[in-house]
Structures are given as C-alpha cells and as structure tokens.
Amino acid sequence: MFLQMESVKPSAVTPNKNKLARTFAKVLHVRAVTGIAPVDGLKNVKGDADLQNEGNIIKEDEELQERKATEALLANAFASISTVKASYAQLQHAQSPYDPDVIQAADELIVSEFKTLSDLKKCFFKKQFDPSPDRAILQAKLKELESVNKTFEITGEKLESQARLKESEIIFLQEKLEEATKQSRSIEKRLNQSGSLSVLDNLHISGLSPSHFVTVLRHTVRSIRNFVKLLVNEMRSADWDIDASVNAIIEQNVVYWKEDHKCFAIESFVCREMFDSFNFPNFSLPNESLPDKNKRQLFFGRFNELKPVKAMEFLSGKPRSPFAKFCRIKFLRLVHPKMEASFFGNVNQRNMLNGGEFPDTNFFTSFAEMAKRVWLLHCLAFSFEPQASIFQVEKGCRLSDVYMESVSENDEEMAVESEPRVAFTVVPGFRIGKTLIQCQVYLSQVMVKKSTFREQKR
C-alpha cells in the first residue's frame with residue numbers, strides 16, 4: 001500500500017534560512033568590531049605573531065645599542081692610548097734639546113689621558129655608556145688619527161734631527177779625511193822630493209860611504225812602491241785580472257800568504273825593468289858615449305845636478321839629456337801600449353815620448369820621480385871606487401841572512417812549518433867593496449815541494 005507523501009514547497013523553507021544567515025552574520029560582525037572573544041574559545045593567531053616579532057625587534061635594537069656603546073668606549077680607550085703614545089714621544093723628543101715647556105705640557109697631557117682611561121674603566125663596569133655612540137665613535141677616531149699624525153710628525157722630526165747629526169758627522173769625517181789626505185800627500189811629497197836627500201847636500205866624492213848609498217836606495221825603493229801602488233790602482237780601475245797579470249810576470253805558480261802580497265810580484269817586475277843594465281855605465285843608453293877618464297867625477301856631477309831638482313822640471317829644462325833619454329826608454333819598455341790604452345783609452349803618452357816631449361800627467365810624473373831615484377842610485381854607484389855592483393838570487397834558494405831579507409811578515413811562521421825558499425827577488429841587492437846590501441825576496445811555501453832547488457852561486 002502506497003502512502004503518498006505531500007511535497008514540501010520551497011517557498012515555505014527559504015525565508016527561514018535567509019533569516020538565520022543574516023542573524024549569524026550580524027553576530028560575527030559585532031564581535032569583530034567590539035573585539036569580544038568568541039564564545040567557542042578560538043585564538044587570534046595573527047595578533048600573537050605580531051607581538052612576538054615586535055619583541056624580537058626591540059631586543060635586537062637593545063643589543064645593537066649596547067654593541068655600539070661598547071665600540072664607542074673601546075674607541076675612546078684606543079684614542080686615549082694613542083694620545084699617551086704621542087705625548088710620550090713628544091716628551092722624549094723634548095729631552096734633546098731640552099725644552100721644559102714642551103716636557104711639562106706633554107706630562108700634563110699624559111696624566112689627563114690616564115684619568116680618562118680610569119673613567120672609561122669605571123663606566124664599563126657600571127654599564128654607563130654614552131647615549132650617542134655613533135657621535136662618540138667618530139670623535140674617538142678623529143682623536144686617534146690626530147694622535148697618530150702627531151706621533152708621525154715627532155718621528156719625522158727625530159729622523160730629521162738624526163739625519164742632520166749624521167750629516168754633521170759626515171762633514172766632520174770628510175774634513176778629517178781631507179786633513180789626513182793632505183798630511184799624507186805632504187809626507188809623500190817630502191819623501192818623493194829631492195829635499196828628502198838633504199843629508200847628501202854637502203857630500204863630497206872623497207867622503208862617499210856605503211851608508212850614503214843605502215840612504216839613496218831606501219828612497220828609491222819607496223818611490224818604486226809608490227809607483228807600483230799607482231799601477232795596481234790603474235789595473236783595478238781598468239778591471240784587469242790581477243791574478244793573470246801576476247802569473248804572467250812570475251811565470252810560475254806561487255802561493256801567496258796574503259792577497260795583498262801579489263803586489264810584490266808587480267814590484268819585482270818594475271824593479272827588473274828599471275834596474276836592467278844597471279851594471280853598465282851607459283845604463284840602457286846604447287848610443288851614450290862616456291869619457292875614458294874621470295868617470296867617477298862625471299857620475300858624481302850628474303848625481304848632484306839632478307838631486308835637488310824635481311824630475312819634470314829637469315826633463316822640461318833638458319829634454320835631450322841622458323836622464324831624459326833614460327826616462328823615455330824605460331817608460332816605453334815598462335808600460336806596454338796595450339796597458340796604456342787599457343788605462344787611459346789612448347796611447348798619447350807614448351806618442352808624446354816618441355815625439356821628444358814629456359806628458360804632464362800624474363801617471364808619468366810618478367814614473368819620472370821613480371826613474372829619477374833609480375838614475376841617482378846608478379850615478380852614485382859609479383861614483384865609488386870600485387863601483388857598486390848589483391845582484392839577485394835565483395828562485396828556490398834557501399833563505400840566507402847574509403845575502404837576502406824577506407819582504408813578507410810571515411817568514412817566521414813559514415820557518416816553523418817548513419824550510420823557507422825564495423819564490424822571486426823583489427828588490428835586487430848591491431855590493432860596494434866589502435859591504436853587502438841584502439836583496440829583498442819573497443818566500444813561498446810552494447817552493448818546498450819542488451825538487452829542482454839550486455843553491456845560489458857565489
């Protein structure tokens with residue numbers, strides 16, 4: 001059996017629904033406006049999050065302000081320390097020359113900055129920070145930069161003062177050097193001039209003795225060594241290989257006790273060239289004719305004529321004299337053209353000598369003074385009766401105190417190690433009658449290892 005249900009009309013339900021919805025909307029709107037919490041206990045999540053964010057921002061701002069305040073305090077501390085350093089530097093700088101006003105001002109500033117540092121310490125522990133940290137930091141940096149700049153200025157003044165002091169010392173030492181150089185030149189000039197032979201001014205031929213010859217010989221050797229010193233300096237200035245030059249001169253491998261001893265080899269070469277033909281009356285002048293009689297008077301007269309005059313003055317006054325010819329020949333033999341070109345960049349001195357003139361140079365002047373002493377020694381040697389003779393010893397000879405003396409200071413040390421032997425003769429020896437003047441030799445330890453020693457033949 002079917003029951004027939006009566007259908008509900010939409011018009012009877014819809015008005016009730018619409019009314020309920022409007023009422024609910026009004027309630028929600030009123031609660032939202034008045035802020036009254038809902039009856040069902042729902043939370044306002046969005047409002048709580050905003051409050052938490054605001055708390056975090058406030059906390060970060062406080063930490064930032066505290067950090068800036070700490071930085072400001074540290075900046076003030078470093079600025080005060082820089083000021084103390086600058087003031088202390090000023091205090092030291094004012095000690096010399098002494099400036100009491102500057103010292104007092106610097107001292108007061110140091111004390112003031114120490115008080116400032118003490119105050120900063122108290123503020124740090126009491127958390128009393130500057131309310132305007134940014135401004136305080138800028139002021140502290142400015143103060144520190146001013147102090148650093150002041151320190152640099154004081155350091156610069158100190159360095160300038162030290163530089164002036166050093167310049168004064170340099171000037172003082174230069175003056176002392178110039179004075180010492182002048183004294184040295186004066187002494188050297190007196191030694192090189194003929195005036196150093198003033199003891200022989202009133203000498204007569206009848207009063208000649210070996211001691212007079214020894215006097216002239218000493219001045220001759222001194223003049224030779226002065227020229228050798230000049231020669232070595234020219235070699236070094238021209239970048240010569242001194243070792244190769246010495247080995248070429250000696251023609252054997254000699255071990256020298258000191259590096260400076262190689263100069264003895266060069267001195268040996270100069271003496272060998274200058275004293276060559278010393279035993280002959282014409283002394284390297286093959287075309288020089290001498291009278292058969294009164295040769296002693298002739299040589300003694302030449303000795304007295306040249307002795308009181310400077311070498312260059314004599315050469316300019318008598319360019320065709322035997323002494324002038326002697327200088328020309330010896331220079332051309334002693335100074336090789338390649339040597340002259342290497343030293344001076346040309347061979348002008350050689351060309352002038354070949355043309356009959358004499359160069360006015362320091363090098364030739366030194367040579368001429370040396371040649372003058374050698375010439376005087378030769379003239380004096382032939383003024384004796386019998387005439388003086390020259391000798392030298394062979395390499396490899398044992399040292400004999402009678403005939404030779406060592407130019408080295410190490411001969412005693414070498415004598416302890418081995419038997420000393422002659423490497424080469426530096427300055428020849430002379431014999432005047434029964435008087436023997438020792439030659440000067442260089443002793444070398446290498447000679448002991450050789451097996452071809454020969455005794456000097458007497």
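A polar contact here is a pair of N or O atoms within 3.5 Å; within protein, one must be able to donate a hydrogen and the other to accept it, and residues adjacent in sequence count only if both atoms are side-chain atoms. This is a predicted model, where local features need pLDDT of at least 70 and side-chain atom pairs count only at pLDDT 80 or more, while totals for chains, interfaces and linings use all residues. Residues are numbered from 1 along each chain as its sequence is written, and side-chain values use heavy atoms, with hydrogens and water left out.

**View 1. Glu-267 and its polar partner.** The side chain of Glu-267 makes a polar contact with that of Arg-225, at 2.7 Å. With a relative accessible area of 3%, Glu-267 is buried (buried means under 20%, exposed over 50%, partly exposed in between; 1.4 Å probe, protein chains only). Beyond four places in sequence, Glu-267 also touches Val-221, Ile-224, Val-228, Val-426 and Val-427 (contact means heavy atoms within 4.5 Å).

View 2. Leaving out neighbours within four places in sequence, the contacts of Phe-213 include Leu-377, Phe-384 and Phe-430.

View 3. Cys-397 has 1% relative accessibility, so it counts as buried. Its sulfur sits 9.0 Å from the closest cysteine sulfur, in Cys-439, too far for a bond; a disulfide needs a pair of cysteine sulfur atoms within 2.5 Å. The structure holds 0 disulfides.
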